[in-house]
Amino acid sequence: MKQQPRIKSIAPLEPFRLRIEWRDGSINEVDLSAFLHTYKIFRPLREEPALFRQAKVGEWGWDITWGGDMDISVSTLWRLALEQAGEAMRAEEFRDWRKRHGLSLSSAAQTLGLSRRMVAYYDKGERIIPKYVRLACKGAEAELGR
């Protein structure tokens, strides 16, 4: 998985999607619907579609902003882009997998061949969960017998 790039340009799309061109030349369409509905601060964007279309690239390409406190960091946008492209696993999906199999953080780490600390990061959504971990979870299904 390549490192998070900075944002070169954006184009708002309907409804609540952005076309993001990264400085490395790659392009992603990112659906922000669920993200915007998670936080109260984004209520104006949800209620006024014209305001959503006023999104701008922030200073140095490290975020997108609508002014005031309404902004989304490049790390969040990059994570969403990877998850939506199938290149990363959502933290909720990882937690559900772990709980469905009755695995503690330590036993999940042992099953996947990862450190307990990394599994804790993934479980809390503090690190992007690479595609190979999602594939390892699917592969572990047979070993776990469920």
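Does H101 count as buried or exposed, and at what relative accessibility? H101 counts as buried because its relative accessibility is 5% (buried means under 20% relative accessible area, exposed over 50%, partly exposed in between, with a 1.4 Å probe and protein chains only).

This is a predicted model, in which local features need pLDDT of at least 70, side-chain atom pairs count only at pLDDT 80 or more, and totals for chains, interfaces and linings use all residues. Residues are numbered from 1 along each chain as its sequence is written, and side-chain values use heavy atoms, with hydrogens and water left out.

H101 sits in the loop between α5 and α6 (helices are DSSP runs of H or I with at least four residues, strands runs of E with at least two, numbered from the N terminus). Its side chain makes a polar contact of 3.0 Å with that of E141 (a pair of N or O atoms within 3.5 Å, where one must be able to donate a hydrogen and the other to accept it; residues adjacent in sequence count only if both atoms are side-chain atoms).

The axes of the two helices, α5 and α6, come within 10 Å and cross at roughly 100° (axes are lines fitted to C-alpha atoms over the stretch in contact, and angles run from 0 to 180 degrees between N-to-C directions). The residues that meet are listed below (contact means heavy atoms within 4.5 Å).

| Helix | Range | Residues in the contact |
|---|---|---|
| α5 | residues 91-100 | F94, W97, R98 |
| α6 | residues 105-112 | L105, A108, T111, L112 |
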